[in-house]
Protein chains: 4
Amino acid sequence: MAVRVAVAGASGYAGGEALRLLLAHPEVEIGALTGNSNAGQKLGALQPHLLPLADRVLQETSPDVLAGHDVVFLALPHGQSAAVAEQLGPDVLVVDMGADFRLRNPADWEKFYGSPHAGTWPYGLPELPGGRAALEGSKRIAVPGCYPTAVSLALFPAYAAALAEPEAVIVAASGTSGAGKAAKPHLLGSEVMGSMSPYGVGGVHRHTPEMIQNLGAAAGEPVSVSFTPTLAPMPRGILATCTAKARAGVTAESVRAAYEKAFADEPFVHLLPEGQWPATASVYGSNAVQVQVAYDAAAQRIIAISAIDNLTKGTAGGALQSMNIALGLPEELGLSTIGVAP
Amino acid sequence: MAVRVAVAGASGYAGGEALRLLLAHPEVEIGALTGNSNAGQKLGALQPHLLPLADRVLQETSPDVLAGHDVVFLALPHGQSAAVAEQLGPDVLVVDMGADFRLRNPADWEKFYGSPHAGTWPYGLPELPGGRAALEGSKRIAVPGCYPTAVSLALFPAYAAALAEPEAVIVAASGTSGAGKAAKPHLLGSEVMGSMSPYGVGGVHRHTPEMIQNLGAAAGEPVSVSFTPTLAPMPRGILATCTAKARAGVTAESVRAAYEKAFADEPFVHLLPEGQWPATASVYGSNAVQVQVAYDAAAQRIIAISAIDNLTKGTAGGALQSMNIALGLPEELGLSTIGVAP
Amino acid sequence: MAVRVAVAGASGYAGGEALRLLLAHPEVEIGALTGNSNAGQKLGALQPHLLPLADRVLQETSPDVLAGHDVVFLALPHGQSAAVAEQLGPDVLVVDMGADFRLRNPADWEKFYGSPHAGTWPYGLPELPGGRAALEGSKRIAVPGCYPTAVSLALFPAYAAALAEPEAVIVAASGTSGAGKAAKPHLLGSEVMGSMSPYGVGGVHRHTPEMIQNLGAAAGEPVSVSFTPTLAPMPRGILATCTAKARAGVTAESVRAAYEKAFADEPFVHLLPEGQWPATASVYGSNAVQVQVAYDAAAQRIIAISAIDNLTKGTAGGALQSMNIALGLPEELGLSTIGVAP
Amino acid sequence: MAVRVAVAGASGYAGGEALRLLLAHPEVEIGALTGNSNAGQKLGALQPHLLPLADRVLQETSPDVLAGHDVVFLALPHGQSAAVAEQLGPDVLVVDMGADFRLRNPADWEKFYGSPHAGTWPYGLPELPGGRAALEGSKRIAVPGCYPTAVSLALFPAYAAALAEPEAVIVAASGTSGAGKAAKPHLLGSEVMGSMSPYGVGGVHRHTPEMIQNLGAAAGEPVSVSFTPTLAPMPRGILATCTAKARAGVTAESVRAAYEKAFADEPFVHLLPEGQWPATASVYGSNAVQVQVAYDAAAQRIIAISAIDNLTKGTAGGALQSMNIALGLPEELGLSTIGVAP
C-alpha cells in the first residue's frame with residue numbers, strides 16, 4: 001500500500017527536490033502540492049524539470065488540502081511550520097525541512113531567529129550516535145540544516161572518539177540553491193558566477209547553534225564553533241572544511257581508525273580511500289556523503305572535509321532517509337548514492 | 001533473469017554515464033568493465049560519483065573479458081568498435097556509442113572520418129519515423145551522435161509534415177563533456193568558464209552528415225544542413241536552435257499541430273506548452289527532451305529548439321532506451337524524465 | 001581641459017561599466033552620478049568593483065544634478081531617455097545607452113516597444129559604412145544594442161560586398177548581464193549556471209528591427225532577419241553566429257577578401273587568422289571584437305561569427321568610442337583591446 | 001625613456017597576465033617574449049586576448065634572447081629560475097614569479113620542494129611591515145605566492161598588533177588559473193564546473209611555509225598555520241578565510257582599529273566598510289585587495305577575509321607593483337584598482 005505524501009511549499013528549491021526524490025521512491029504516491037503565492041499555477045511552469053508532474057496544479061496551504069495524507073513534507077519559510085503542523089494531527093508523519101524544530105535550547109532559537117521557540121522534534125540525522133533510534137516510529141522529524149549536516153558528519157567521529165579539543169574552526173562553501181529561490185540582487189547569475197564571497201561571518205549564521213548542539217552531543221562536553229559560510233559559483237553542493245586541534249597522543253592512524261569505525265556501516269557516508277578528496281560534483285543530485293580526514297602533525301590539527309549535495313542529503317534526501325526510518329521502511333529505499341557527474 | 005551488461009571504455013564520460021544509468025536499471029546486472037589505458041585501476045579513482053562501483057577494477061578490453069555478457073556497450077574512440085564487435089558473436093547485443101556504424105553512405109564516412117567505412121547498424125533514435133521497428137530484436141545498435149539526437153528530434157516533425165524547405169540552419173551549444181575526458185588545453189576549466197566559442201564551423205563537423213541523413217529521411221528528399229556547434233560553459237547539455245524556411249501556406253497553427261502529433265505518444269519528448277522554452281538545466285541527468293517551436297511570420301521561418309542532456313538522451317540514455325527496445329523490455333525501464341535542477 | 005561626464009543610472013550594469021571605462025579615460029573627469037531608487041546610497045555598496053568611486057553618493061536624476069557637464073551618459077530604462085535629454089540643452093553631448101533613439105522607422109519602434117517613437121539620433125557604430133561621419137561633432141548619440149553590435153559587425157561586410165542573399169539567420173548567446181541587474185527569478189545564479197536557454201524566439205526580440213536596419217543599409221535592399229537569442233551561463237559576452245545564403249559565384253576567397261577589406265583599418269575589430277575562432281573570453285572587459293568567417297560550400301552559406309563583451313563594446317565601450325569621435329578625440333582614447341583572460 | 005621588459009614563459013597564465021598589465025604600463029616597452037615548448041609560435045594563437053601582441057613570435061628562453069632588457073620577468077616552472085637569473089647580470093632587474101627565491105629557510109624549501117635551495121631574494125609584498133624598504137633599488141624580486149599574498153594581507157595586522165594567538169587556521173578558495181595552463185584531467189572544465197574540492201590538505205601545500213614565514217615575521221614569534229586550499233569553479237580569484245584565536249582583552253573595536261591602521265595608506269588594499277564582505281568578482285582583473293575582519297566573541301576568534309585576483313595582485317600585478325618600487329617609479333603606475341564586474 002502506497003504511502004501518500006503531500007508537499008507544502010512545492011514551488012521552492014527544497015520542495016522541488018523533495019518531489020524529485022519522492023517521484024523515484026517506490027512506495028510513495030504524491031498527493032497534494034501546495035504553494036501560497038503560486039497557488040493555481042501548474043507545476044510545469046515552476047519546476048520544469050519535474051516532467052511527470054508538469055500538469056499538477058498548486059493549491060493553497062490549508063488543513064483541508066493537506067488532510068488525508070500519511071506524510072506531509074513542509075518546505076516553508078522559517079516560523080511557519082508550527083502552525084501548519086498543529087493542524088495535521090498526531091498520526092500524520094510531519095517532516096519539517098525548515099529550522100523551526102531543530103534546536104533543543106529555546107535561548108539559542110530566540111537569539112538566532114528572534115522569535116519564540118516552537119519546540120524540538122526528533123532530529124533527522126541518522127548517522128549521529130543514537131540518531132536512528134530517535135527517528136524510529138516518530139511522527140515528527142526536524143530535518144537538519146544543510147551546513148550542519150555536512151559539518152556534523154565530518155566532525156562528529158573526531159569528537160565521539162575524544163580526539164579533538166572542543167574548539168572547531170569550520171569554513172564551508174555552498175552552492176547558491178542554499179539561498180533559496182527568492183530573487184535577490186546578490187544572487188543573480190551575473191553576480192555569483194566567477195565569484196566567491198563570505199556571508200554571515202563572525203558567529204552569526206543561524207546554523208551555528210545547530211552545529212554546536214550536534215558536536216557537543218558527540219563530545220559529551222560543550223564545543224565552541226567558529227563557522228564561516230561562503231557562497232560558491234555553482235548551483236548545488238556543500239564542501240565543508242572542518243578543523244580542530246588534536247588532543248595529545250593523536251596520530252594519523254588513530255584519526256583514520258576513528259573515521260573508519262564511525263562510517264563502517266553507513267549506507268550513505270563514504271570515507272574515501274586515503275589520498276582521495278571529496279568533490280561536490282561527485283555527489284551531485286545524490287544522497288551520498290564523501291568524507292576524508294587528515295592529521296596535520298605540524299599544526300597538530302585534524303582536518304575533516306565532507307562534500308554533500310545541499311538539496312539532497314543536505315535537505316530533501318536526508319528528509320526521505322529519515323522518513324524511511326520513521327515509517328519502518330528500508331532506510332535506503334528510493335535514495336541513490338550515485339552522483340550526476342561530470 | 002538479469003541482463004548481464006559489460007561496458008568497454010568505462011573510464012570516459014560516455015562509459016561513466018552508461019554505468020550511472022545501468023546501475024539504476026532494474027533488469028541489469030553490471031558485468032565486466034574495461035578501459036585499456038586505465039586497466040588495473042579501481043573505478044572509484046576514475047569515476048568517483050559511481051559509489052556502488054568504487055571497488056570494481058578495470059580490465060583490458062579483450063574478447064575474453066567481454067565474453068559471457070548479454071549486452072556489451074562500446075564507449076570507444078571512433079574507429080575501434082568494429083574490431084571489438086566482430087569478436088562478440090551474433091547473439092550478443094552490441095550497443096555502440098561511437099560513430100562507426102551510424103552513417104549509411106560510405107562516402108560520407110570516408111569524407112568526414114578519413115577511414116574505410118565499417119558498415120551500418122540499426123540506428124538508435126526510436127522517435128524517428130520507423131525508428132522503433134528498426135530496433136526491435138536487433139543485436140546491433142548504432143547510438144546516434146549527441147548533436148544529431150537534439151537536432152533530428154527538433155526538426156524531423158517539420159520535414160515529415162512537409163512544412164519546411166530542405167535547407168536547415170542549425171546552431172547548437174554543447175556542454176564541455178561532449179568533447180570527452182582527454183585533457184586538452186582548450187578544454188581546461190580556466191579556458192571554458194565564462195566563454196562561448198564555436199568550433200567545427202563551415203560544414204566540417206562530423207555530425208553534419210548524420211543530421212542530413214535523418215532529416216532527409218523524414219523529408220523524403222535531400223536536405224542541406226548548415227550546422228555550427230558552439231562550446232558553452234557548462235558540463236552537460238545541448239541546446240539546439242534549428243531553423244528552416246517555411247513552405248508556402250504554413251501557419252503557426254499548422255506548425256504547432258505537426259509537433260503535437262509527432263510527439264503525442266513519445267515518453268521522453270516533451271513539447272512544452274506554448275510560451276515556455278527549453279532549458280538544458282531542466283533535463284540535466286535525465287533522458288527527457290524538451291522541444292518548443294515557433295513560426296516567425298516576418299522571416300517566414302520555423303524555429304524549433306530542443307534541449308537534451310548530451311550524455312543522457314544524447315548518448316548513454318538513448319543507448320539504454322534502444323537496448324530496452326531491442327531486448328523487448330519496456331522502453332522506459334530504468335530511465336528517468338526528471339531533471340536534476342536547479 | 002578635462003571633459004566632465006555625468007552618468008544617469010549609475011547603479012546598473014550599463015552605468016557601472018560606463019564608470020569603469022570612464023575612470024580609465026585620460027581626458028575624463030567624472031561628475032554627477034545618479035540613480036533614482038538608490039539615491040543617497042554610496043556607490044561602494046552598489047558597485048563594489050569601482051574602488052576609486054566607493055565613497056561617491058548617488059543623487060536623484062534631475063536637470064539640476066545633471067547640469068554643468070560636457071557629456072551625460074544615460075543608462076536608463078527604455079522610454080525614459082527622451083524626457084531627460086530634452087532638459088539637457090543642445091550643447092551637451094548626450095550618450096543614450098538605451099534603445100529610445102536607435103530606430104529610424106517609428107512603426108518599428110511602436111511595434112516592438114509599444115509606445116510612441118521619441119526620435120532618431122546618430123547611431124554609435126562607427127565601423128558601419130558612413131558610421132564615423134555620422135558621429136563627428138554630434139551632440140546626440142544612440143548607442144547600439146548589444147546584439148545588433150555583434151551581429152552587424154559580423155554580417156555587414158557580406159552585405160556591403162553583395163555576397164549574401166537578403167535573408168539572414170542568426171543565433172546569439174549572451175551572458176546574463178545583458179538582462180540587467182533587476183532581480184528576476186529566472187536570472188538567479190541557481191537557474192542560469194549549467195543551463196542554456198532561448199528567449200524572445202520567433203522574431204519578437206526588440207533588437208531585431210535594429211539588425212534589419214543595419215544590414216539593410218549595408219545591403220542597399222531590405223534584409224530579412226531570423227534572430228534567436230539565448231542565455232548562456234556566463235556574466236558577460238556575446239557570441240553571434242550569423243549565416244546567410246551565398247550569392248552565386250561566391251567563394252571562400254571572395255568572402256575572406258571582403259572581410260579583410262572591411263576591417264583592415266579598424267582599431268577594435270580583429271579578423272582572426274584563418275582557422276582561429278572567436279571566444280568571448282578573449283574580449284572579456286575589452287572593446288575588441290573578434291570576427292571570423294567561413295564559407296560552407298555544401299550548404300552554400302556564409303557563416304560569420306563575432307565575439308564581443310556585451311557591456312564593453314556592446315554598450316559602454318561602444319559609447320565611449322562614439323563619444324571620442326563626437327568630441328574630436330582620438331577614437332581609441334581610454335579604450336583597451338586587451339581582454340581579461342583566462 | 002621606456003623601461004624595456006622581457007617575459008620568459010609568455011605562453012602560460014602568469015606570463016600572459018604579466019603581458020596584459022605591462023601593455024597598460026605607460027613606462028614599459030615590451031621586448032622579447034620566450035616560451036620553450038611554444039617557441040616559433042605567434043602569441044595570438046596562445047594568448048588570443050592580448051590583441052596588440054597577436055603577431056609577436058615566441059623565442060627560446062636563452063641568455064641571448066633575454067639580453068638587453070632593463071627588466072626580465074620569469075614565469076617559469078619551479079626550479080628553473082636560478083639558472084636563467086644567473087646569466088642575466090647584476091644590473092638587470094629580475095622579477096621571479098615562481099617560488100624559487102621566496103623562502104628564507106633552506107630546510108623549508110628542501111622539505112616542500114625536494115630540491116636544493118637556490119637562495120632568497122627581496123620579497124615582493126610591499127604592504128608587509130618593512131616591505132617597501134626591502135624592494136627599493138633591488139635588482140632581484142621574489143614575487144609571493146598567490147595564497148600567501150591573500151593570507152598574509154588578511155592576517156598580518158592581527159599579528160603585528162599582537163591581537164592573535166600564534167595558531168592560524170586558514171581555508172582558501174582559488175580559481176582554476178592558479179593551477180596553471182598544463183592540461184590535466186582534473187582541471188578540465190567538465191570536472192571543475194559545478195564542483196568545489198580541496199587539495200594539498202594536511203599541511204602539505206607548498207605555500208604553507210611562506211605563510212608561516214610572513215605571519216611569524218609580523219608576530220615576532222613563530223606562528224603555526226593550518227592551511228587548506230580548495231579549488232573553486234571560476235577562472236580567477238582567491239577568497240582567503242583566515243582565523244586565529246584572539247588574545248585576552250581583544251574586542252571588535254580593537255580588531256577594527258588595528259586593520260584600519262594597517263591599511264590606512266595602502267593604495268591597493270581596501271578595508272571594506274563594516275558589514276560589507278569581500279567578493280572575488282569585485283577585484284577581477286585588478287590589483288586591488290578587499291579585506292574585512294570580524295571578531296566572533298562566542299568563539300573568541302578573529303576572522304579576517306581577503307579577496308584578490310590570483311593572477312593580478314596574486315602574481316603579475318604584485319610583480320609590477322614591486323617592479324615600480326624597485327625602479328623608483330610611482331608604486332601605482334600602470335596598475336588598476338578597478339575590477340571587471342559583473
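How many residues of chain B are in contact with how many residues of chain C? Select both chains and you'll find 41 residues of chain B touching 41 of chain C, where contact means heavy atoms within 4.5 Å.

Before going further, some ground rules. This is a predicted model, so local features need pLDDT of at least 70 and side-chain atom pairs count only at pLDDT 80 or more, while totals for chains, interfaces and linings use all residues. Residues are numbered from 1 along each chain as its sequence is written, chains are lettered from A and ligands numbered from 1 in the order in which they are written, and side-chain values use heavy atoms, with hydrogens and water left out.

**Stop 1: confidence**

The model scores ipTM 0.97 and pTM 0.98. Colour chain A by pLDDT (the predictor's confidence in each residue, from 0 to 100): its mean is 97, and 100% of its residues reach 70 or more.

**Stop 2: between chains B and C**

About 3,100 Å² is buried between chain B and chain C, with carbon and sulfur atoms giving 67% of that; buried area is the accessible area (1.4 Å probe) that two parts lose on being put together, summed over both.

Now select Lys245(B) and Glu167(C). They form a salt bridge, with the closest N and O atoms 2.6 Å apart.

Next, pick out strand 8 (224-231) of chain B. This strand gives the most to the side of chain B that touches chain C, with five residues.

**Stop 3: Gly216(C)**

Jump to helix 9 (residues 208-219) of chain C, where Gly216(C) sits. Gly216(C) counts as buried because its relative accessibility is 14% (buried is under 20% relative accessible area, exposed over 50%, partly exposed in between; 1.4 Å probe, protein chains only). Leaving aside neighbours within four places in sequence, Gly216(C) is in contact with Met211(C), Glu221(C) and Val223(C).

**Stop 4: Thr208(D)**

Finally, go to helix 9 (residues 208-219) of chain D and select Thr208(D). Is this residue buried or exposed? It counts as buried, because its relative accessibility is 3%. Show the residues it touches, not counting those up to four places away in sequence: Phe112(D), Gly203(D), Val225(D) and Phe227(D).

Definitions and conventions. A salt bridge is a side-chain nitrogen of Lys or Arg within 4 Å of a carboxyl oxygen of Asp or Glu. Helices (H or I, at least four residues) and strands (E, at least two) are DSSP runs, numbered from the N terminus.
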